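Subject: Structure handover and notes

Dear colleague,

I am passing the structure below on to you, together with my notes on it. Please read the notes with the coordinates open beside them.

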Amino acid sequence: MCGIVGILGREPVAGKLVDALKRLEYRGYDSAGIATLEAGKLTRLRAEGKLRNLEDRLAKEPLRGNTGIGHTRWATHGAPTENNAHPHMTGRVSVVHNGIIENFQELRTAIAETGTVLTTDTDTEVVAHLITHELDEGHDPVVAVLHTLKRLEGAFALAIIFRDHEDLMIAARQGSPLAVGFGDGEMYLGSDAIALAPFTDTITYLQDGDWAVMTRNGLAIRDREGNAVERPVQKSVASALMVDKGNHRHFMAKEIHEQPEVVSHTLAHYIDFTNTRLQLPDLPFDFTNLNRIVISACGTAYYAGLVAKYWFERYARLPVDIDVASEFRYREVPLEPGGLALFISQSGETADTLATLRYCREQDQHIASIVNVRESSIARDSDIVLPTLAGPEIGVASTKAFTCQLAVLACLAIAAGRARGHLSEQDETELVGALIGVPRHMSALLRDESGFEALSHTLSKAHDVLYLGRGVNFPIALEGALKLKEISYIHAEGYAAGELKHGPIALIDESVPVVVAAPKDALFEKTLSNLQEVAARGGQIIVLSDAGEAELGCEVMATIPMPHAHDFVNPLIYAIPMQLIAYYTAVFMGTDVDQPRNLAKSVTVE
Ligand code: M6R
């Protein structure tokens, strides 16, 4: 999950490559580099860390050349050093790569045996050497790449330029996404269409197994078997505007504050606001014929799915099997043909989720996906896409995509309940009405954040934080813990509140803050008992509730007053303070909120 770009231009391309990489930095930011071809010589510049380090270097040591490739890295093989940064080069070729060459050890050994010295710890370097070896044998670049591709195992996207061929770039896609852009006498390549948006909106997506020979006048695509193939050319809707932070200090803050608006947009796509009724697109499956749904996703998107499990089971009496995609894909889950498999992903490119989708496709499932990036691989591989209208999410910690996913899932659960006869028209109106009220509750919560700032001082001193919730709010506790871990690096765990006494309660003492989602719903009294168990052991309780302090019956360190909403929609509303707790703690601790260490926005490797 790195980002790659390539340009065959009519003028020096270094600046454009960096512009495109900026739009791909969400894919990784451990190091960056570009290589260009000028006067028959390949030259590269690389820098450890974020793209701005590369920009600083380029300002002092500009690269010229009208042909070039670029890379922003999320390290898999080899430490995130300058030496391991892409592009990788020999005298004859330069290569950028996203993905993993799984048989790289075996290839390294074979290359070393020919007397070639490998100078990096990466899997990518082998690609440059294998192609060079083929060129040295007298093959032309196309044959050299073809022979090399046949030796590579794994998932990858590659862009290759050649010292002796100014008007040539070869791209290959196996598992990792690649978009080709058409310009006026120029050609572009990128890990996604967003990277190319400033230059062109005319795009072709390579399909799995495709490799493309690009010149300034166009491209020729071949499939895995070597057959010439045509892929549709389409107009990309990716915006050329660089998304900015507005008045906010971080993208994450901006995205948290966008939630009332984007959740409202998303709901408007699935709800008739005037009549307080659902208006879903035609679904290619019938809820009444289903015995169960399988849901798979990763990280925050998985927690959205977990909330949906409670909804589908309660409101539609439809059992849900849910698993993180990295497990699901290898579990060999038996699936009845004709079932529904539902995938949730902000990026639509998460490798494990995509692999699970393909497994379910082989098992004859209807494939539905909830994605934020409509041109993504998951969207393109689905029978039906139920989009979230969150807009670009730049902060690595997912916020607005999550609540928009919940909004779509909530609508789908009501639809299932109606179709299966477990919800009446009146129930539909009640639940849809509750959803319509969500943006208003979110706005109210976002009006005064002073309490979160104060809380961050205490939380920043903690080594461990526990998050508790029950029922539909248990996944919100998990999500709260994930948010804190990701951006503040404080260890946090989410637990089902009732599970506390079966082990985790041993962790509690006066140094452990415990954040409890305790809405006044049917399980409130139960949660209250758990809260009292924590209080009795000196835990510092931070309670999120619409109940008054007097109703809690124990001493708490802090209360975050929550609006009183229908219990159906509480997960969407309780997500907001969870995000704010993490955000303010991270800001107080001075971490890199939008690009936390070791993470990347889109995880396109296993
Ligand atoms: O793009 P996806 O929604 O498929 O990504 C899934 C996870 O990688 C993602 O939710 C991750 O957990 C976020 N960093 C959470 O904030």
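The notes below start with conventions and domains, and then turn to the sheets, a helix and its following loop, and the core.

This is a predicted model, in which local features need pLDDT of at least 70 and side-chain atom pairs count only at pLDDT 80 or more, while totals for chains, interfaces and linings use all residues. Residues are numbered from 1 along each chain as its sequence is written, and side-chain values use heavy atoms, with hydrogens and water left out.

The protein is divided into domain 1 (3–241), domain 2 (243–436) and domain 3 (447–592), with bounds that come from an automatic or database domain assignment. The centres of domain 1 and domain 3, taken over C-alpha atoms, are separated by 45 Å.

Helices (H or I, at least four residues) and strands (E, at least two) are DSSP runs numbered from the N terminus, and two strands pair if DSSP finds at least two bridges between them. Strand S18 (residues 293–297) runs parallel to S19 and is joined to it by five bridges; Ile293 stands opposite Val320 in S19.

Strand S23 (residues 464–469) pairs with S24 over six bridges in the parallel sense, and Val465 has Ala492 in S24 as its bridge partner.

For helix H13 (residues 400–419), the 20 residues should span 28 Å at 1.5 Å a residue, and the end C-alpha atoms are 29 Å apart, which agrees; the expected span is 1.5 Å times one less than the number of residues. Because 18 of its 20 residues are buried, H13 is largely enclosed by the rest of the structure; buried means under 20% relative accessible area, exposed over 50%, and partly exposed in between (1.4 Å probe, protein chains only). H13 is followed by Gly421, whose phi is positive, near 80°. His422, in the loop between H13 and helix H14 (425–436), is partly exposed, with a relative accessible area of 41%.

The largest nonpolar core has 101 residues, and those with the most contacts inside it are Phe287, Trp311, Phe312, Leu435, Tyr467 and Leu572. A nonpolar core is a set of buried Ala, Val, Leu, Ile, Met, Phe, Trp, Tyr and Cys residues joined through side-chain atoms within 4.5 Å. This core draws at least three residues from each of domain 2 (243–436) and domain 3 (447–592).

With best wishes
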